[in-house]
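Here is my notebook on a structure that was new to me too. Please have a look at it first, and then follow along with what I looked up.

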Amino acid sequence: MTQTRCKDPVTLNLWHPLAAVAETPAGRVAETVLLEERLGYAVDEQGDAAVWLARPGLRHGDSVDIAGLGNTLPVKIAYGYVWTSLGEPPAELFPIPEFAEPDRRRLNAATVGVHVSAPRAIENFLDMGHFPYVHTDILGAEPHTEVKEYDVEISVERDEILATRCRFFQPMASTVSTGGADVDYVYRVPHPFCSVLYKSSPIDESRRDVIAVFLQPVDQEHVRAHMMLCILDDENEDKVIKRFQQTIFGQDKPILENQFPKRLPLDPRAETPIRADKSAIAYRRWLSQKGVTYGVIPAAT
């Protein structure tokens with residue numbers, strides 16, 4: 001394992017997203033920061049990628065033949081993004097089978113820098129209670145403020161958190177919505193810093209839209225949030241679909257950046273939970289069980 005500033009082996013051995021393949025110029029060096037380490041990466045014309053610890057001879061924008069590079073990091077192309085690891089990652093990433101369905105729109109809605117820890121950002125993504133107040137007249141509206149009872153499980157077999165039976169009234173659930181409706185949600189957290197949301201599709205009651213947030217921890221209190229869309233929409237242009245999600249994330253960003261502390265406390269006594277926080281409570285417990293220490297304030301032992 002490479003000597004790194006991050007000393008959390010659980011986090012080091014995860015796959016982490018770096019960039020959307022479609023937004024990475026082919027054959028050119030791009031640079032980013034992951035877990036406080038400067039990285040270079042590139043995607044070639046065939047869609048293959050390479051990632052490496054930053055080198056003086058390869059600068060942002062330089063032309064590069066990735067086939068000739070040595071001493072590279074693990075790399076994977078998945079769900080439209082380049083992923084890497086600073087440790088020894090598992091062979092496979094968590095499954096999102098809907099991504100392979102040919103009639104879906106698959107887009108990176110945005111990649112946004114946020115001054116908050118990755119676990120804090122995931123916790124916000126799981127929170128339905130803020131919809132009427134932060135996303136007024138889009139994902140929620142008064143007086144529809146109640147978070148109805150829902151189910152949460154931590155699956156040891158699948159190594160993920162699953163929240164089901166989530167329902168919330170939304171005035172405008174997506175770009176193809178024609179009016180307000182109760183929307184069914186399923187939340188998955190299959191990775192400490194990634195969450196996948198399934199919400200009922202306005203155009204096909206038998207299927208769900210998929211919206212994921214893949215977080216790239218720049219350091220313990222900064223992330224780059226990659227917003228992946230895998231949705232049913234044959235009416236709107238890409239820019240309209242992206243703008244809708246960017247509006248929602250733009251409303252979340254100042255809320256996230258005003259969180260204090262920036263890192264997520266894992267001690268159950270640190271912040272007072274309510275019934276609507278069942279997912280957040282399970283998420284904190286899951287991180288503690290996994291031994292994650294990066295971006296969190298561990299529970300006192």
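**Entry 1: ground rules.** I call a residue buried under 20% relative accessible area, exposed over 50% and partly exposed in between, using a 1.4 Å probe and protein chains only. This is a predicted model, so I ask for pLDDT of at least 70 for local features and count side-chain atom pairs only at pLDDT 80 or more, while totals for chains, interfaces and linings use all residues. I number residues from 1 along each chain as its sequence is written, and my side-chain values use heavy atoms, with hydrogens and water left out.

Entry 2: I began with salt bridges, meaning a side-chain nitrogen of Lys or Arg within 4 Å of a carboxyl oxygen of Asp or Glu. My search of the whole structure found 15 of them. One joins K253 to E257, with the closest N and O atoms 3.1 Å apart. Both residues lie in helix α4, 4 residues apart, about one turn of the helix. For helices I took DSSP runs of H or I with at least four residues, for strands runs of E with at least two, numbered from the N terminus.

Entry 3: Within it, D103 and R207 form a salt bridge whose closest N and O atoms are 2.7 Å apart. The pair links distant parts of the chain, 104 residues apart: D103 is in the loop between β6 (81-84) and β7 (105-114), and R207 in the loop between β11 (194-200) and β12 (208-219). I found D103 partly exposed, at 45%, and R207 partly exposed, at 22%.

**Entry 4: one more bridge.** R263 and E221 also meet in a salt bridge, at 3.1 Å from N to O. R263 sits in the loop between α4 (238-257) and β14 (264-265), E221 in the loop between β12 and β13 (222-231), and the two are 42 residues apart. R263 is partly exposed at 28%, and E221 is partly exposed at 25%.

**Entry 5: aromatic rings.** The ring centres of F125 and Y187 are 6.3 Å apart and their planes stand at 90 degrees, so I logged an edge-to-face pair. F125 is in helix α2 (residues 118-125) and Y187 in strand β10 (residues 181-191), so this pair ties together parts 62 residues apart in sequence. F125 is buried at 15%, and Y187 is buried at 2%. Ring pairs also link Y79, Y81, W83, F94, F99 and F214 into a cluster.

**Entry 6: charges over rings.** Here I needed NZ of Lys or CZ of Arg within 6 Å of the ring centre and within 35 degrees of the ring normal. R106 lies over the face of F99, 5.5 Å from the ring centre. K278 has its charged end over the ring of Y150, 5.3 Å from the centre.

Notes:
Rings of Phe, Tyr and Trp (its six-membered ring) pair if their centres lie within 6.5 Å; planes under 30 degrees apart count as stacked, over 60 as edge-to-face and the rest as tilted.
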